[in-house]
Amino acid sequence: MPVNSAESARLVDVVLVKGGRTKIRYPAELLADDGTRIAVRAPWAGEGVRDFGFVRFEPGDVFTEYYWRDRWYSVKEVRGPSGALKGWYCDITRPATLTGTELVVEDLDLDLWRSADGGDVRRLDEDEFAESGLAERDPEAAAAAVSALDELEVLARGDRFGELTG
């Protein structure tokens, strides 16, 4: 169902599930839903500052988040309070579901970061993924997750990465 934010802006709850439990839930403005890709915008939903060493997420940051019903990842464009682009944080997830006003995404532990200038692309949390036991419990999902991370890394290192969010 396409959404034109000027005509029918609405809030949804983004629900990130990990290990069968809700990891975080936060309100976001639904920007668009074309039936395949869902776009939302929300302020940094974490408490205080989260310093990864290569980027800091902090109060005032704004995340424009893109979820797909047919892809095993989400892409979050991160901007500071001034609007300056920090980069993109990508979560490897099962395909998203939007039911009513609840956007549910299951986090599969793997992540990828791409800096604003594209000079820093890094895979994250591969150790957590290995320890999660997903490969043993659900080998097909684990293979899809690794494939999605590989695909995102190729896109992040190329010139066409912006097409994911454009």
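Colleague: Is Asp109 buried, partly exposed or exposed?
Modeller: Let me start with the cut-offs: buried means under 20% relative accessible area, exposed over 50%, and partly exposed lies in between, with a 1.4 Å probe and protein chains only. The relative accessibility of Asp109 is 10%, so Asp109 counts as buried.

Colleague: Where do these numbers come from?
Modeller: This is a predicted model, in which local features need pLDDT of at least 70 and side-chain atom pairs count only at pLDDT 80 or more, while totals for chains, interfaces and linings use all residues. Residues are numbered from 1 along each chain as its sequence is written, and side-chain values use heavy atoms, with hydrogens and water left out.

Colleague: In which strand is Asp109 found, and what is its phi near?
Modeller: Strands here are DSSP runs of E with at least two residues, helices are runs of H or I with at least four, and both are numbered from the N terminus. Asp109 is found in strand β10. Most residues other than glycine have a negative phi. Asp109 is not a glycine, yet its phi is positive, near 80 degrees.

Colleague: What about Asp125: where is its place, and what is its phi?
Modeller: Asp125 sits in the loop between β11 (121-124) and α2 (126-132). With a relative accessible area of 24%, Asp125 is partly exposed. Asp125 is not a glycine either, and its phi is positive, about 65 degrees.

Colleague: How many helices and strands are in the protein, and how does its radius of gyration stand against the globule rule?
Modeller: The protein has 4 helices and 11 strands. The radius of gyration is taken over C-alpha atoms, and the globule rule is 2.2 Å times the number of residues to the power 0.38. For 166 residues that rule gives 15 Å, and the protein is as compact as a globular protein of that length because its radius of gyration is 15 Å.

Colleague: What percentage of the residues count as buried, and what percentage of the contacts with a separation of 6 or more come from residues 24 or more positions apart?
Modeller: Of the 166 residues, 42% count as buried. A contact means heavy atoms within 4.5 Å. Among contacts with a separation of 6 or more, the share from residues 24 or more positions apart is 46%.

Colleague: Which strands are joined to β8 by bridges?
Modeller: Strand β8 (residues 85-93) is mostly covered, with 7 of its 9 residues buried. Two strands pair if DSSP finds at least two bridges between them. On one count, 7 bridges join β8 antiparallel to β7 (residues 73-79); on another, 6 bridges join β8 antiparallel to β10 (residues 102-115).

Colleague: Why is strand β3 described as largely enclosed?
Modeller: Strand β3 (residues 37-43) is largely enclosed by the rest of the structure because 5 of its 7 residues are buried. It is joined by 4 bridges to β2 (residues 21-33), running antiparallel, and 7 bridges join β3 to β6 (residues 62-68), also antiparallel. The count of buried residues in β3 is 5 of 7.

Colleague: What is the relative accessible area of Ile38, and which residue in β6 is its bridge partner?
Modeller: Ile38 has its place in strand β3 and is buried, with a relative accessible area of 0%. Beyond its neighbours within four places in sequence, Ile38 has contacts including Leu30, Glu65, Leu98 and Leu103. Its bridge partner in β6 is Tyr67.

Colleague: Is Glu65 buried or exposed, and which residues is it in contact with?
Modeller: Glu65 lies in strand β6. At 3% relative accessibility, Glu65 counts as buried. Leaving aside neighbours within four places in sequence, its contacts are Val14, Tyr26, Ile38, Ala39, Val40, Val75 and Lys76.
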